[in-house]
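Please look through the sequence and the model before reading the points. They take a few elements in turn.

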Amino acid sequence: MRLADRLYSLFEGVVIALEAIRANKVRAGLTILGIAVGVFVVTVMSAAVHGINAGVTKQVAAAGPTTFFLTKWPAEMTTCTGDATSCPWRNFPPLTLAEAKRIQALPSVALVVGEIGNTTPVRYADKDLPGVGFGGEMPGWLQVNGGDLVAGRDFTERENVAGAPVALVNEKLAERLFAEPGPAGEPREAALARTNERAVGRAIRAGGQLVTVIGVYRPIATAFDGTEKGRLYFPLETARRRLDADVRWMQLTVKPREGVARDDALDEVLALLRAERGLRPGQPNNFFVSTPDKILEMYNKIVGAFFYVMLTLSAVGLIVGGVGVVAIMMISVTERTREIGVRKALGATKATILWQFLVEAATLTGVGAVVGLGVGAGLAAVLRAVSPIDAAIPAWAVLAALAGSALTGMLFGMVPAIRAARLDPVEALRYE
């Protein structure tokens, strides 16, 4: 078949498929619905995963490529049973402030930031918010957390040592506590900036303690940090002394000096901690070390497994749509038997008839893919607007959805197309 003939047949097949959809709205609608559901799931999941990936990568990268993390617990997900040997790390000694100071004194280390966390009720005027998450941070925490200070200031070393009653809030908490009606038609960004400025200097109660808000912080948005509900940031000593935050679950972020390789700083820190804890050669560490690449690797495993489950669910939708393709195409072949006979009598080959029906099937599923992509794009936009996930549909997802739907149509439309191609022209012309 010449290229021009193939293009004409392609166009003709698309037109006939659209006519079939119009003529058989119910059957075609069910087929399109099955394909659309499958494509919709893939589209939304890929958009969400893409947005989550971007946020997590940005947050991990904010600490710097040479930074590493020290914790009492492992970075990977583990299942603890009643057996004492299943999670031996539960009996590990916690990281201490004294160890953090000794690590900070190492010549290869530029900064050590400890962090503890918990939740506390927060009250301002007539607004009472239960269970607001907070972090107790060491000075320098902004250097490893990333994000921006959009109003006010950070706490000082002196305020941390004194356990001063000061705190920063994120923009969401500032909005929940201090937002006031503005001029009609005021842009959201302007209202948010006004609320942030209003928050600085306000006195709130956190866990029964009177605390002054000294700054508003805009963190790097991710799906897992809980900041969309509001969060407080205290000096670590303030959180420990005034809010009874448990330092036994403190984690340390270690940033090597400029020009020092991460492995060199890591070896020095490991040697110090092992010596401080009296570990003999051959004994395993009673603490855990994580690097940004290890954290991303663990995260990708978790999200990857979830994504594969969603792909399986979307495959069910494609199969349902594929069954519909078989049904509607078999009916189409039966209804157009005489037409096929006429075309064959005029010289149409088996390949021509086969190609036409495959194009029709691919067009049918392609319409379903477009519908699924459209609905998925709309939901991704809503997700982006109402959550910290910067959901965006990657180009590969669009191409995969279109290609997958077309392939589904061709695979499931193969049997009806072969039946049409094999019709005897004489018998087809006699068909009533």
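1. In helix 6, E171, A174, E175 and F178 meet R188, L192, T195, N196, R198 and A199 of helix 7; contact here means heavy atoms within 4.5 Å. Sorted by class, this contact has four nonpolar, two polar and four charged residues.

2. This is a predicted model, where local features need pLDDT of at least 70 and side-chain atom pairs count only at pLDDT 80 or more, while totals for chains, interfaces and linings use all residues. Residues are numbered from 1 along each chain as its sequence is written, and side-chain values use heavy atoms, with hydrogens and water left out.

3. Helix 6 (residues 171–178) and helix 7 (residues 188–199) pack at an angle of about 80 degrees, their axes 9 Å apart. Helix 6 is therefore roughly perpendicular to helix 7 (65 to 115 degrees counts as such). Axes are lines fitted to C-alpha atoms over the stretch in contact, and angles run from 0 to 180 degrees between N-to-C directions.

4. Helix 9 (residues 262–276) has buried residues A265, L266, V269, L270, L272, L273 and R274; buried means under 20% relative accessible area with a 1.4 Å probe, protein chains only. Their cover includes helix 3 (97–104) and strand 2 (109–124). Just after helix 9, G278 takes a positive phi of about 65 degrees.

5. Strand 2 pairs with strand 3 (residues 127–137) in the antiparallel sense over nine bridges; pairing requires at least two bridges found by DSSP. T119 stands opposite G133 in strand 3. The two strands form a hairpin with two residues between them, and A125 in the turn has a positive phi of about 55 degrees.

Key. Helices (H or I, at least four residues) and strands (E, at least two) are DSSP runs, numbered from the N terminus. Angles under 35 degrees count as roughly parallel, over 145 as roughly antiparallel, 65 to 115 as roughly perpendicular and the rest as oblique. Ala, Val, Leu, Ile, Met, Phe, Trp, Tyr, Cys and Pro count as nonpolar, Asp, Glu, Lys and Arg as charged, and the others, Gly among them, as polar. Buried means under 20% relative accessible area, exposed over 50%, partly exposed in between (1.4 Å probe, protein chains only).
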